[in-house]
Amino acid sequence: MDDRKKRILQAIVEEYINTAEPVSSGSIVKKYGLDFSSATIRNEMAELEKVGFIEKTHTSSGRVPSAKGYRLYVDELLNDNNISLAEIRYIQSKLMNKLNEMEDLTKIATSTISEVTHYTTLAIGPTAKMQNIEEIKFVLLGTRMLMAVILTDAGIIKETIIKFNQDINDEQVETLNFIFNNKLKGKPLDLIDRPLEEYIFSHMNYSLEVIKPIMEQLNKVLNEEEKIYLEGANKAFDLPEFKSLEVAKNFINVIDKREIVTDLLNTGFANDINVYIGNENENEQLKDFSIVTFKHKYKNKDLGTIGIIGPTRMDYSKVISVMKYISKKLNGE
């Protein structure tokens with residue numbers, strides 16, 4: 001595609017994102033300062049329509065972008081530095097006090113993105129299998145009760161209470177701390193399994209009445225489903241697309257089903273911002289929506305995935321700019 005067509009397509013996409021109204025040649029001549037005549041723009045729009053980058057609506061002589069047009073815009077034409085100084089200051093103020101509270105960072109980043117972009121934002125924490133054990137600490141709470149605290153390299157803390165049918169003492173707890181950390185520090189969480197149970201039992205000569213409850217409770221807490229965050233769901237219903245009952249119903253069905261949310265957040269490449277437009281989404285219920293996701297990290301520690309869901313008429317420039325800025329901020333850049 002030549003440069004003139006790209007400039008006209010960019011103007012059409014941005015005008016439609018701003019107004020939600022079909023775009024005429026006259027409207028983009030006036031607003032976007034294109035140095036082409038209206039006749040030239042009309043001819044180029046006809047060519048863009050012919051090759052599927054824009055579409056004519058039934059209710060107007062204007063044109064709207066197609067999914068193919070949005071894809072070219074996202075891949076080649078958008079400004080990914082579309083973030084104001086006020087927005088930068090706001091993001092900084094929201095994140096500033098949370099950089100040492102890693103479990104809160106996902107929640108804060110999710111709500112901040114939703115507030116700045118005005119779209120519904122979803123997030124999921126990192127899976128247990130993707131994390132390594134930093135430390136395991138056992139604390140005796142009573143003669144038959146123990147608290148286990150697991151710290152991962154992603155800064156996530158998991159804790160659980162373990163009850164026993166026989167007494168345990170401080171010496172046994174000290175040995176548990178030594179054996180577990182010696183065997184597991186720096187290893188993946190999913191190594192807490194039956195072979196480990198057999199290893200500890202053989203090295204400690206303790207009754208299975210002590211070892212087995214520990215293993216069962218650790219596995220229970222580690223296999224808990226990842227926490228899902230949802231911010232700004234009500235913002236979607238302010239958009240004109242959601243006047244359609246089918247679109248609104250599909251949106252509610254999507255955000256209400258954990259397996260759909262998990263699937264859409266767990267796709268894509270780890271180091272990229274991923275954009276899925278309309279029918280690029282495998283789920284039929286997502287055909288009217290675009291999803292933008294990124295894997296967010298703090299000092300290169302995986303904190304999970306954040307995603308925005310909105311209509312295909314999404315302000316991709318704003319969304320991607322905000323995501324990139326927050327990603328850089330969390331990584332200390």
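Trainee: By class, which residues make up the lining of the largest pocket?
Mentor: The lining has ten nonpolar, six polar and five charged residues. Asp, Glu, Lys and Arg count as charged, Ala, Val, Leu, Ile, Met, Phe, Trp, Tyr, Cys and Pro as nonpolar, and the others as polar. The model is predicted, with local features needing pLDDT of at least 70 and side-chain atom pairs 80 or more, while totals for chains, interfaces and linings use all residues. Residues are numbered from 1 along each chain, and side-chain values use heavy atoms, without hydrogens or water.

Trainee: Which residues are closest to its centre?
Mentor: Of the 21 lining residues, Tyr-16, Glu-241, Asp-288, Thr-312 and Arg-313 are closest to the centre. Both β2 (63-65) and α4 (67-77) supply at least two residues of the lining.

Trainee: Changing topic, at what angle do α10 and α11 cross?
Mentor: The axes (lines fitted to C-alpha atoms over the stretch in contact, angles running from 0 to 180 degrees) of α10 (residues 245-256) and α11 (residues 258-265) cross at roughly 85 degrees and come within 5 Å. Therefore α10 is roughly perpendicular (65 to 115 degrees) to α11.

Trainee: Which residues make the contact?
Mentor: Asn-253, Val-254, Ile-255 and Asp-256 of α10 meet Arg-258, Ile-260, Val-261 and Leu-264 of α11 (contact: heavy atoms within 4.5 Å). Five of these residues are nonpolar, one is polar and two are charged.

Trainee: And how many helices and strands are in the chain?
Mentor: The protein chain has twelve helices (DSSP H or I, at least four residues) and ten strands (E, at least two).

Terms used: Angles under 35 degrees count as roughly parallel, over 145 as roughly antiparallel, 65 to 115 as roughly perpendicular and the rest as oblique. On a 1 Å grid over the protein atoms alone, a cavity is a set of points where a 1.4 Å probe fits but cannot get out, and a pocket is an open set with protein on both sides within 12 Å along at least five of seven lines; lining residues have an atom within 4 Å of a point.
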